[in-house]
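Try each task before reading its solution.

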Amino acid sequence: MNTPLDRILATLNATEVGPLDQIAGRMRSAASDLRAIDQGELARKADESIEALGRADVAEFKRLRAFIQSKVGHLR
């Protein structure tokens, strides 16, 4: 079964490689899905990760992505 949480995790996993604009787009999609399931705080973390990409702060982006993945994994 493909639950919203599974879709979010798959989207987050797809942010490992690719052009920055595509990675940012995937994070925007994850943020939107998180808001749809009433996970506003995690959605804000996803927004922060997009901002980190914009600053070329890869370490912060990876930290935030790992944090979101962990929290979503616990929600499952």
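Two residues are in contact when heavy atoms lie within 4.5 Å. The model is predicted.

**Exercise 1.** Determine how H3 and H4 are arranged and which residues join them.

*Solution.* 
1. Take the axes of H3 (residues 40-54) and H4 (residues 58-75). They come within 8 Å and cross at roughly 160°.
2. Angles over 145 degrees count as roughly antiparallel. H3 is therefore roughly antiparallel to H4.
3. The handedness of this H3 and H4 crossing is left-handed.
4. Now list the contacts. H3 contributes Leu42, Lys45, Ala46, Glu48, Ser49, Ala52 and Leu53. Facing them in H4 are Glu60, Phe61, Leu64, Phe67, Ile68, Lys71, Val72 and Leu75.
5. Sort by class. The contact of H3 with H4 has 10 nonpolar, 1 polar and 4 charged residues.

**Exercise 2.** Which residues of H1 are buried, and what do they pack against?

*Solution.* 
1. H1 spans residues 4-13, and its buried residues are Leu5, Ile8, Leu9, Thr11 and Leu12.
2. Check the arc. These residues cover only 160° around the axis, so they sit on the same side of H1.
3. Recall the helix repeat. An α-helix has 3.6 residues a turn, so residues three or four places apart point the same way.
4. Find the partners. The buried residues of H1 pack against H2 (20-36) and H4.

**Exercise 3.** Is aspartate 33 buried or exposed?

*Solution.* 
1. Locate the residue: aspartate 33 is in helix H2.
2. Apply the cut-off. Buried means under 20% relative accessible area. Aspartate 33 has 15% relative accessibility, so it counts as buried.
3. List its contacts. Leaving out residues up to four places away in sequence, aspartate 33 touches Arg7 and Ile8.

Conventions: Residues are numbered from 1 along each chain as its sequence is written. This is a predicted model: local features need pLDDT of at least 70, side-chain atom pairs count only at pLDDT 80 or more; totals for chains, interfaces and linings use all residues. Side-chain values use heavy atoms; hydrogens and water are left out. Axes are lines fitted to C-alpha atoms, for helices over the stretch in contact, and angles run from 0 to 180 degrees between N-to-C directions. Helices (H or I, at least four residues) and strands (E, at least two) are DSSP runs, numbered from the N terminus. Angles under 35 degrees count as roughly parallel, over 145 as roughly antiparallel, 65 to 115 as roughly perpendicular and the rest as oblique. A crossing is left-handed if the near helix is turned anticlockwise from the far one by less than a right angle, and right-handed if clockwise. Ala, Val, Leu, Ile, Met, Phe, Trp, Tyr, Cys and Pro count as nonpolar, Asp, Glu, Lys and Arg as charged, and the others, Gly among them, as polar. Buried means under 20% relative accessible area, exposed over 50%, partly exposed in between (1.4 Å probe, protein chains only). The arc is that of the directions from the helix axis to the C-beta atoms.
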